[in-house]
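Let's take a walk through a protein model together. Have the viewer open and follow along as we go.

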Amino acid sequence: MIEAVDALIEMDNLNDAIEQAKTLQKQWKDIGMVARRDDARLWKRFRAACDQVFARRDQQRQVVQQEREQNQVHAEHLCEQIEQLAESHFRDIASAQQEYRQLRQRFEGLGPVPREQQDAIKNRLKSVSELFQRALAEAESAQREQGFKELWRKAAICDELEEALLSAAQGDSLGAAPESEWQSEWAVPEEAGANLQARYDAVVAALQSHSIPAPEVVEENTQLLRDLCIRLEIAAGLESPEPDRARRMQLQVDRLSDGLVQRGVAAGGSELIERLQVEWCAVGASRERTGLSQRFVRGLSSLQS
């Protein structure tokens, strides 16, 4: 039996070695009487061999515990990195999202932490993840708001150029478009970019070719702007001027498809408000833009209040 337990000391499968050592210990108790001197000597050898087997188990447990503690350190560090990312006031949203995903993947790839720390680590990760998601939502909202400010800034440039174009007499010398003012570090909303750029390119081309827009084109643009004002007035519950009452009745049918209720921004109304701004800023030259702009802004203010 001593030789058997000695063999277990180097056995690869430690779990099997432990179980066999326990079995041998039980069998030892069933051995009959031997000389007292031999019994003490043999038991000492047998117990020492068993202790070496169990010592391997204790060492393994210690290694596992150390690994768990190291995993806890890594987990806490990753949580700190997520928290720092959330508090970094990031402008590059895509990069921040990618970094967050990478940190989460590294966290998920960690092994177990000490059992008594599992709940604390789990709650810590949940807390910093929620903090990041709130920061992300705020950043997206701020970026969206800044994008619409940039949209209106660029639309104002187009307004100025188109007004100069419409005010010029045949043969007048037209100034060059301020390209440096058009460029900016801020981006307009993605859905507005192409149409706004097309409007700018069109007025630049007209300035360069000394080509004043045809009256029917200008009138069509004016009607587009007027319709946008009426749609806002319908949504905001504002009265439209008398000349636009008939047109308003025609457009009221479209309100349901716009996803807007009376004075409502809850049922998709905020999205419609943004879409109407995008549409407004894409409309080209009009001789009535100044007056219609006042109506449009009044409608926006009323609906957003």
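A residue counts as exposed when its relative accessible area is over 50%, as buried when that value is under 20%, and as partly exposed in between. Keep in mind that what you're looking at is a predicted model.

His89 has 74% relative accessibility, so it counts as exposed. Its backbone is worth a look too: phi of His89 is near 55 degrees, a positive value in a residue other than glycine. Most residues other than glycine have a negative phi. His210 also has a positive phi, about 55 degrees, and isn't a glycine either. You'll find His210 in the loop between H7 and H8. With 44% relative accessibility, His210 falls between the two cut-offs and so counts as partly exposed.

Now for a lysine. Is Lys154 buried or exposed? Lys154 has 11% relative accessibility, which is under 20%, so it counts as buried. This lysine belongs to helix H5 (residues 118-167). Leaving aside residues up to four places away in sequence, Lys154 touches Trp182, Val188 and Leu196. Take Val188: it is 34 residues from Lys154 along the chain, yet their C-alpha atoms are separated by 8.8 Å. As for Trp182, its backbone oxygen lies 3.3 Å from a polar atom of the Lys154 side chain.

On to the nonpolar residues. In soluble globular proteins, nonpolar side chains tend to be buried together. Here, the largest nonpolar core has 33 residues, and Leu151, Tyr200, Trp280 and Phe296 have the most contacts inside it. Which helices build it? At least two residues each come from H5, helix H7 (190-209), helix H8 (215-236), helix H11 (269-282) and helix H12 (289-304). Zoom in on Phe296: not counting residues up to four places away in sequence, the residues it touches include Trp152, Leu228, Leu276 and Trp280. There is also a second, separate core of 19 residues, with Cys79, Ile93, Ile121 and Val128 among them.

Finally, let's see how two helices meet. H8 and helix H9 (residues 245-252) pack at an angle of about 70 degrees, and their axes are 10 Å apart. Angles of 65 to 115 degrees count as roughly perpendicular, so that's the word for H8 and H9. Their crossing is right-handed. At the meeting place, H8 brings Gln223, Asp227, Ile230, Arg231, Glu233 and Ile234, while H9 brings Arg247, Arg248, Leu251 and Gln252.

Notes
Residues numbered from 1 in each chain as written. Predicted model: local features only at pLDDT ≥ 70, side-chain atom pairs only at ≥ 80, totals over all residues. Heavy atoms only, no water. Helix = DSSP H or I, 4+ residues; strand = E, 2+ residues; numbered from the N terminus. Buried < 20%, exposed > 50% of the residue type's maximum accessible area, 1.4 Å probe, protein only. Contact = heavy atoms within 4.5 Å. Polar contact = N/O pair within 3.5 Å; in protein donor to acceptor, adjacent residues only side chain to side chain. Core = buried A, V, L, I, M, F, W, Y, C linked by side-chain atoms within 4.5 Å. Axes fitted to C-alpha atoms, helices over the stretch in contact; angles between N-to-C directions. Parallel < 35°, antiparallel > 145°, perpendicular 65-115°, else oblique. Left-handed = near helix turned anticlockwise from the far one by under 90°.
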